[in-house]
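Dear colleague,

I am passing on the structure that we spoke about, and I would be grateful if you could look through it alongside the notes in this message. Please open it first and then read on.

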Amino acid sequence: MRQRRGKTAIRLGASYLVLILFCCVALFPVLQIFNISLRPADRLLSTSLELIPGNASFDNYAALFTERPFFLWMVNSTFVALVVTCSGVAFASTTGYAFSRYRFIGKKFGLLSLLVTQMFPATMLLLPMYIMLVNLHLINTYLGIVIMYSATALPFCIWQMKGYYDTIPTSLEEAGRIDGCNQFQTFYKIILPIASPALVITALFSFMSAWTEYVVAAQILQDTEMWTLPLGLKSFESNMGSEWGLYGAASVIVTIPVVVLFLSLSRWLVSGLTLGSVKG
Amino acid sequence: MWGGAILLSATIFSLLLLLQVPGCRPGDGKIRITIWHQDRIDVRVILQRQIDRFMKIHPEVKVEQLFKETEELRSGFIIAALAGQGPEIVYGPSDQVGPFEIMNIILPMETMFDSTWLACYDPRALTWYRGHLYQVADKLGNHLTLVYNRKLVPVAPATDRELIEIGRKLTVDLNGDGKTDRYGLAWNYTEPFFFIPFMTGFGGWIMDDRGNPALDSRGTTDGLKFIKELRDVAKIIPNEADYNVADILFKDGNAAMIINGDWSWAGYQKAGLDIGVAPLPRIVSTGLWCEPMVSPKGFSINRNVGGDKKAWVLELIRYLMSAENQLEATRELFTMPTHNDVRHSDFVRDNEILRNSQIQIDHGRPMPVVPELRAIWDAMRPSYQAVLAGTMTAEQAAREMQALALRRIKEMNE
Amino acid sequence: MQSKTLRHRLFIFFLVAPAFVVLFGVVIYPFVYNVVISLSNMNLRHIRDWRIVGFDQYVKVFTEPSQPDFYMVFLKTVIWTVVNLFFHVVIGVFLALVLNQREIRGKAVFRAILVLPWAVPQLIVALTWRGMFNYEYGAINLMLTQWFGLPGVQWLRHPLEAFIAVIITNVWLGFPFMMVIALGALQSIPQDLYEAADIDGASWYHKLKNITVPLIRPVMVPAITLGTIWTFNNLNIVWLVSNAGEPSDQTHLMVSFVYKAAFNFYRYGYGAALSIVIFFVLLAFSLVFMRSSKATENVYS
């Protein structure tokens, strides 16, 4: 008994050590960026290892909101990201379910084709995409952007949802059917809650794709009032003479919603199978 | 809850669809002109001020400026113009002109402006290519100069020997730990553009007069050897320095001098440094000045601009190129104006930085506008960096650069 | 009964179809366009008046003596992909396993910090890493010399070290993604399986090999497949950390190679052909990988 507790203590101790080590590795470059945001006069690099620079100030953060339309960019980005996230979760959860549970003609082809859409190097798609969007009058519209983002994020999400549904035994749906639910109710009330970890990943991934994407947005959005955050951040950069202070501060602020979203969603990253399901 | 998500996204989608239906957005009947450029924030602020004044004078026009990073400006403009769209005006350095002209996406302008109006400007501000005028510039420069920290360097060096001497005196190990704490000179020396002044100082140039690459020359090899001398013999420059590293060394006072362009001066002043600007030194052994590339920065017109808008576009360009507006920009940015009245004005004559800038520009060489220039930059880079890494001799590098440049040009023009 | 199933089938179909229509619309046209361009001579001199010239561009892709060499770049890209994925998956799964233990406290804090590399904007973080690899002033060398007494490495000056530097940066950026997926995947494993194995006296290795790995596979395989494709095609990190291929154009992947050809030299036909080649390489890989991991089938059936 004591041996078991001893082993557990070693295991836990080692675990904490590993976690702290990796946290330091993850944190260090990010602290550098925080550092950049505190330095006056746009210094990207520093010649010392110190964590807080001598003449630190929060001026850059203030300047973001007073001298640049940072708040507007945040609103725009939030809007686009939320639409992409909601539609991503909606479409991926249903399409992935269809792929997991049903057999139909072209299923394998359909799955493969989802992958295929990802294989093309994005840079070569710019010219034809622009021509296509011009002809559809979607240039400089949020609808154009949302469509493009969904198209890039959905394949992974659909596939991933399917993979997760595959791990849920079909006996659960049979049990639901016996209890009198129709197919849609089984899906909605029983399967979805169990698949919540995958839904979390889908939501997070969709959000990230829309929140951080630059290339497509730069090509589509032509009005500065419609700019999303990545475009705004790019405007701090010039070939020589970027405004690193503002860039650093903006980067820090832009990271926060992602972390908050992740934290709030991660309470659903819990094994749904333990939520009172089929036994035996 | 998830059903709610489905409903919500469906409603938003339909809302968005509604918004895109033409006729739903209020049109204001104004003539819209868009300018794309790659200028940093200080320039943008001034441009916006001037645009606002223009719109007050002409309320029937709406002008917008859009910033794009240099490479994206070029590729974005090409994509948009080829698709029949794009901004009415594109503003940037003159090397854009070559590729844009060949792709036939900008308009020749010599018939659109009055010859007396054109005569008000420095001839170097008008970019002609293959017999036509494609760009009119309000700023001249984009040139490298020697920038020095006045607290450390009271008088700027005038020759390369002086540069090394002053550099040596200022390269010090302040705390005796064996590592150099301050360098005499730092700059982005790994980038070909920042090497050009030394190539010219030793008698070379990137092209011959017919526009073919001429990289295999004494100028190239001696220039390369000189850079190596600075790093390995005189040891006045850091081991590895790209643009950001050199910039921060200078800002922190860990480099006494830096070679940087006119876009950087205002930033150093804002950082609290007392800087002086001097022309790049003269090479004693050849008697030649180090001549950087000089480029105008100006306006070109998109080929897709229709007849009725053209008049307004020209009006806007004439306004932005006017003497008062150029003086405003010069005062705040220290860029060299192109309007003759402003060039010879008291302000320019009395300002030390601008005076020295003028001298450097007169020493400089115009940047070629041919598209082959890109191939030349690309060909120079690998061999140049190999010499710095010690894996190639200077003579080998010069030959390689030339061979690669010829090959790239052939590939580009097939 | 029959009509209910049919109605339900139609319902699912109508939910699935729009997604697919959009997907194909967005992808098919550009793809076909690129195929056409790859068979043409579109470049600086023939930007509007291009015409179909057959497979010339493909011949050039495979036989043109380029600098850097096409096959070297291809090999480098494969090595880049394999090494990155390996570390992403191993570190990600490892961290997920550690973090998933019941007794760990402060899970939220650890998760928040470990997800940061994924959450931070890539441009500035890539440039920060580039700064950290500077020979004289970078944090990496400062740590090596001051804490470990080792000589500084000239990261960005030599091809091999530069390649390693870019890989290190990308591994740092990529492990949180795999960690999050693995965390999700671990939730699907019923605890009773582990309990049963404990009763049978199984070692941790045995549990890992026979329970954990097979059961997280359905969720990990999409991530690994797509992760491979994304890593293969990742332009940003290589471009930023190595400053577009330095030293001497040695630090290139196929995508940056394509980018340079198409956007710096306006060789659109050549760039399109190269992209199609990349596409077929990835397609071949995916087909082989999918077949060997049986990813299109159910794991419980």
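Residues are numbered from 1 along each chain as its sequence is written, chains are lettered from A and ligands numbered from 1 in the order in which they are written, and side-chain values use heavy atoms, with hydrogens and water left out.

On confidence, chain B has a mean pLDDT of 89, with 93% of its residues at 70 or more, where pLDDT is the predictor's confidence in each residue, from 0 to 100. Residues 21-26 of chain B stay under 50, and for them the model has three contacts beyond four places in sequence, a contact being heavy atoms within 4.5 Å. Where pLDDT is low, the predicted coordinates should not be read in detail.

Turning to the interface of chain A and chain C, the contact takes 90 residues from chain A and 101 residues from chain C. The area buried between chain A and chain C is about 8,700 Å², and carbon and sulfur atoms give 81% of it; buried area here is the accessible area (1.4 Å probe) that two parts lose on being put together, summed over both. Between these two chains the count is one salt bridge, defined as a side-chain nitrogen of Lys or Arg within 4 Å of a carboxyl oxygen of Asp or Glu, and C:E103 forms a salt bridge with A:R11, with the closest N and O atoms 3.4 Å apart. There are also nine residue pairs in polar contact across the interface of chain A and chain C (both residues at pLDDT 80 or more); a polar contact is a pair of N or O atoms within 3.5 Å, and within protein one must be able to donate a hydrogen and the other to accept it, while residues adjacent in sequence count only if both atoms are side-chain atoms. Among the elements that give two or more residues to the side of chain A that touches chain C are α1 (2-38), α3 (70-101) and α6 (142-166) of chain A, where helices (H or I, at least four residues) and strands (E, at least two) are DSSP runs, numbered from the N terminus. The largest share of that side, 19 residues, comes from α1(A). By class, the side of chain A that touches chain C has 62 nonpolar, 23 polar and five charged residues, counting Ala, Val, Leu, Ile, Met, Phe, Trp, Tyr, Cys and Pro as nonpolar, Asp, Glu, Lys and Arg as charged, and the others, Gly among them, as polar.

For the interface of chain B and chain C, the contact takes 40 residues from chain B and 31 residues from chain C, and the two chains bury about 3,500 Å² between them, 46% of it on carbon and sulfur atoms. Three salt bridges are counted between chain B and chain C, and a salt bridge also joins the side chains of C:R130 and B:D242 (2.9 Å, N to O). The count of residue pairs in polar contact between chain B and chain C is 10 (both at pLDDT 80 or more). On the side of chain B that touches chain C, the elements that give two or more residues include α3 (70-82), α9 (243-251) and α16 (372-389) of chain B, and α16(B) gives the most, with 10 residues. That side of chain B has 18 nonpolar, five polar and 17 charged residues.

Within chain A, A:T202 is in helix α9 of chain A and counts as buried at 0% relative accessibility, where buried means under 20% relative accessible area, exposed over 50%, and partly exposed in between (1.4 Å probe, protein chains only). Apart from its neighbours within four places in sequence, A:T202 is in contact with A:G88, A:V89, A:A92, A:C157, A:Q160 and A:M161.

Finally, the whole structure has 42 salt bridges over all chains. In one of them B:E71 pairs with B:R374, the closest N and O atoms being 3.2 Å apart, and this pair links helix α3 with helix α16 of chain B, 303 residues apart. B:E71 is partly exposed at 27% relative accessibility, and B:R374 is partly exposed at 21%. The side chains of B:E88 and B:K309 meet in a salt bridge as well (2.8 Å, N to O); B:E88 is buried, with a relative accessible area of 11%, whereas B:K309 is partly exposed at 24%.

With best regards
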